[in-house]
Protein chains: 2
Amino acid sequence: VATLLASHRDEIAARLGAPLVLAHVADIDLGRQRGVDLSGVRQSHDYRALVADPEVDIVIELVGGMGVARDIVLAAIEAGKGVVTANKALLARCGPELYAAAAKRGVEILFEASVAGTIPVLRALREGLCADRIESVHGIVNGTCNFILTEMEEYGETYAACLKRAQDLGFAELDPTFDVDGTDSAHKLCILMGLALGVRLDVSQVSVSGIERIEPVDLEYAQQFGLRIKLLAVGKRGPSGIEARVEPTMILRTSVLAGVSGAMNAVEVRGVASGPTLYCGAGAGALPTASAVVSDVMEMVRSRRAGIGIRVPPLGREALAEPELADAGSIESELYVRFSVADRPGVLAQIMMILAEHGISMASVLQPERHAAHSVPVVIMTHATLASSLREAVEQIRKLEHVHGTPQVLRIERDL
Amino acid sequence: VATLLASHRDEIAARLGAPLVLAHVADIDLGRQRGVDLSGVRQSHDYRALVADPEVDIVIELVGGMGVARDIVLAAIEAGKGVVTANKALLARCGPELYAAAAKRGVEILFEASVAGTIPVLRALREGLCADRIESVHGIVNGTCNFILTEMEEYGETYAACLKRAQDLGFAELDPTFDVDGTDSAHKLCILMGLALGVRLDVSQVSVSGIERIEPVDLEYAQQFGLRIKLLAVGKRGPSGIEARVEPTMILRTSVLAGVSGAMNAVEVRGVASGPTLYCGAGAGALPTASAVVSDVMEMVRSRRAGIGIRVPPLGREALAEPELADAGSIESELYVRFSVADRPGVLAQIMMILAEHGISMASVLQPERHAAHSVPVVIMTHATLASSLREAVEQIRKLEHVHGTPQVLRIERDL
């Protein structure tokens with residue numbers, strides 16, 4: 001942010017009609033070289049000095065996490081400052097509390113950089129699509145996972161090997177747990193769904209699974225069927241209520257979302273009037289994130305110079321509703337199911353029988369060429385199937401003598 | 001717009017904190033059934049009655065064209081009303097005049113629907129990317145052309161056959177001239193470049209060519225080289241100045257833009273900090289366009305309720321600069337060139353000689369299998385070539401005895 005404010009100073013001043021001055025920086029480690037010239041900028045160890053500084057109109061919280069970050073945001077609101085944050089974990093967990101505090105104090109809180117980095121998708125939902133009723137959001141909102149899946153498909157390598165490469169290249173953190181297990185995407189989905197669907201969704205209400213169990217063989221089968229696996233964050237109004245999930249999903253290779261590769265992010269929004277619109281760009285990185293953060297600051301400056309406290313409510317809606325969640329078992333989808341079975345006659349017939357007994361209709365069944373291996377895969381693509389039926393069938397199939405391990409079950413979404 | 005205001009009335013009122021009322025409609029033909037209930041709405045034959053109506057705060061101009069539309073917009077501004085328009089031709093030709101009039105009178109003029117229909121890409125440029133310096137825009141902004149090119153590639157059919165189908169399906173007008181010859185895209189490019197690059201570009205400064213001369217064989221060769229042809233509107237800061245062009249362009253099939261098919265529109269924006277971001281959605285259609293129009297009205301209502309006249313200048317910039325245009329001949333690009341030649345020995349050698357004399361380096365040369373035809377194609381893919389060199393070489397080659405007709409020259413852009 002400091003780099004961008006310096007390099008783009010003249011443009012920003014021209015667009016705002018006034019300079020934007022970095023007045024104060026608070027940092028635990030003021031001694032660390034960060035490659036920016038902070039001469040003339042007040043510096044403090046304690047965020048309270050920054051929040052209390054009368055020269056500071058807008059506080060940018062880029063600490064991350066749930067501890068001091070929450071204190072900073074609340075203290076800034078209390079002091080009547082505008083707040084810009086990129087902290088998706090904080091917003092997913094304490095968003096409604098923070099929005100209410102800001103509304104009560106008459107100040108704005110903006111957070112474009114918290115979802116999909118540089119892409120102005122929150123603004124699109126809050127303003128560009130504000131006239132429409134949104135039906136769904138489908139997002140690739142974790143660059144680490146998208147990078148790993150892209151590499152796995154391109155090179156036919158394992159999850160572990162591609163995670164290692166992502167770490168070496170700086171696309172994954174040393175502890176990548178919250179990225180690869182879907183938690184980070186679930187945080188972003190909560191923020192997106194607040195804006196898109198007007199619901200106050202807790203992260204515990206999102207059904208989450210990560211990419212750790214995806215194997216190269218799954219990507220190969222996807223390809224064979226004209227599909228590609230993406231970690232999708234999906235929020236929608238389904239036939240029986242609000243659906244919210246993060247999971248590896250098979251989508252058509254010809255869809256625009258399937259073409260979003262590497263560390264890029266994308267969000268597809270479907271509105272009743274606007275139809276599908278898609279937003280794509282860098283989901284992370286210092287300068288792309290700074291572009292989103294500073295655009296929020298500039299929006300706030302424009303409002304403040306015009307004497308407005310809150311121009312648009314934080315989520316574009318007057319209030320967030322409690323979501324009426326769909327029962328997970330009642331959701332119907334096409335599914336990809338891969339079992340590992342012993343290479344013996346009759347096993348496939350047993351599986352087919354159990355699926356048929358549960359009313360599950362199959363679009364195709366693949367039992368690839370037999371190797372002299374302990375286990376061979378059986379791959380089944382179903383027609384639209386109730387999640388509860390599949391769950392019961394899989395439970396029964398797992399108990400069969402010659403079926404090994406945990407089957408791989410992935411949803412197929414063909415309408416993107 | 002009237003349909004959307006009725007069907008989304010409650011959401012809109014909730015988001016604005018006040019109802020949005022359609023107060024007055026002016027139409028030359030008030031008798032025509034338009035499938036909307038206008039009971040309770042004042043109706044006039046004369047726009048002046050609407051503009052003078054004290055109940056009207058915001059005027060929406062959806063007449064189109066350059067005549068009365070300009071009068072309506074200027075009269076509304078003069079009367080101190082906010083103006084929302086979807087009229088790209090008007091904005092491309094009279095935009096700076098209208099923006100200045102609005103600024104002088106202290107009212108807003110918004111026009112999200114004028115470029116790329118429902119997609120909030122103008123808002124992205126004006127607000128989401130306002131902190132950044134934009135280097136280029138690449139747009140597929142004419143749905144008719146994109147539909148025709150998609151169909152030509154998919155079915156191997158001629159331009160004429162696919163234009164006919166587009167007309168039958170309502171994707172092309174009965175007189176499609178301004179769509180297929182690139183004029184419509186050039187209008188939109190002028191608006192995009194004002195916002196993105198801060199330049200006051202006249203439509204006469206855009207180098208324009210349409211899709212009428214594209215043949216199925218060009219799409220086949222593109223495919224063979226991993227490329228796809230799209231009618232691109234391109235505005236950028238090049239090494240020798242501002243470049244502005246609309247032309248059929250070969251881009252990598254793996255790029256996200258190449259995946260934008262049928263009547264969809266998309267714009268890719270490249271910023272110094274934000275990198276590439278892409279916006280995709282419906283470029284036309286009644287409800288998608290209405291979504292953009294009403295979002296502008298809502299933005300204006302929010303500002304007006306807060307007592308603000310102009311929150312953000314129309315183009316997000318304080319003033320538009322005259323563009324320093326690059327000399328067209330000095331632009332270097334990879335090129336696809338297709339000649340039609342008589343099937344005789346030595347013709348290819350002559351062509352190669354002339355290209356070599358002009359310093360043009362070839363990446364590949366294809367002279368497909370000989371048929372017993374009058375003409376056979378010779379296809380050349382060049383390395384980076386100066387436009388002026390190619391122009392001179394092509395002039396010479398056209399004079400060769402056994403070279404027929406006008407060669408096809410298409411630019412190749414690999415970095416999308």
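Predicted model: local features only at pLDDT ≥ 70, side-chain atom pairs only at ≥ 80, totals over all residues.
Figure 1. Ala116(A) belongs to the loop that runs between strand S5 (109-110) and helix H6 (121-128) of chain A. Its backbone deserves a careful look, for the phi of Ala116(A) is near 60°, a positive value in a residue other than glycine. Most residues other than glycine have a negative phi.

**Figure 2. Ala116(B), in the loop between strand S5 (109-110) and H6 of chain B.** Here too the residue is not a glycine, and yet Ala116(B) has a positive phi of about 60°. Is Ala116(B) buried or exposed? With a relative accessibility of 1%, Ala116(B) counts as buried.

**Figure 3. Strand S6 of chain A and the two strands with which it pairs.** Strand S6 (residues 134-140) of chain A is largely enclosed by the rest of the structure, because six of its seven residues are buried. S6(A) pairs in the antiparallel sense with strand S10 (residues 264-271) of chain A, over six bridges, and in this part of the view Ser136(A) can be found opposite Arg270(A) of S10(A). S6(A) also pairs in the antiparallel sense with strand S8 (residues 227-238) of chain A, over four bridges, and the bridge partner of Gly139(A) in S8(A) is Ala233(A).

Figure 4. Which residues of helix H11 (residues 216-224) of chain A are buried? They are Pro216(A), Asp218(A), Leu219(A), Tyr221(A) and Ala222(A). An α-helix has 3.6 residues a turn, so residues three or four places apart point the same way.

**Figure 5. Strand S11 of chain A beside strand S11 of chain B.** Strand S11 (residues 275-282) of chain A and S11(B) pair across the two chains in the antiparallel sense, over three bridges.

**Figure 6. The contact between chain B and chain A.** On the two sides, 48 residues of chain B are in contact with 48 residues of chain A. The chains bury about 4200 Å² between them, and 56% of this area is on carbon and sulfur atoms. In chain B, the residues that lose the most area to chain A are Arg15(B), Ala131(B) and Arg302(B), which together account for 17% of what that side buries.

**Figure 7. Polar contacts and salt bridges between chain B and chain A.** Between the two chains there are two salt bridges, and in one such salt bridge the side chains of Arg133(A) and Glu11(B) meet at 2.2 Å, N to O. There are also 18 residue pairs in polar contact, with both residues at pLDDT 80 or more. The elements that give two or more residues to the side of chain B that touches chain A are helix H1 (2-7), helix H2 (9-16), helix H6 (121-128), strand S11 (275-282) and helix H12 (286-305) of chain B. Among these elements, H12(B) gives the most to this side, with eight residues. The residues on this side of chain B divide into 24 nonpolar, twelve polar and twelve charged.

Key:
Residues numbered from 1 in each chain as written. Chains lettered and ligands numbered in written order. Heavy atoms only, no water. Contact = heavy atoms within 4.5 Å. Buried area = accessible area lost by both parts, 1.4 Å probe. Salt bridge = Lys/Arg side-chain N within 4 Å of Asp/Glu carboxyl O. Polar contact = N/O pair within 3.5 Å; in protein donor to acceptor, adjacent residues only side chain to side chain. Nonpolar A, V, L, I, M, F, W, Y, C, P; charged D, E, K, R; others polar. Pairing = 2+ DSSP bridges. Buried < 20%, exposed > 50% of the residue type's maximum accessible area, 1.4 Å probe, protein only.
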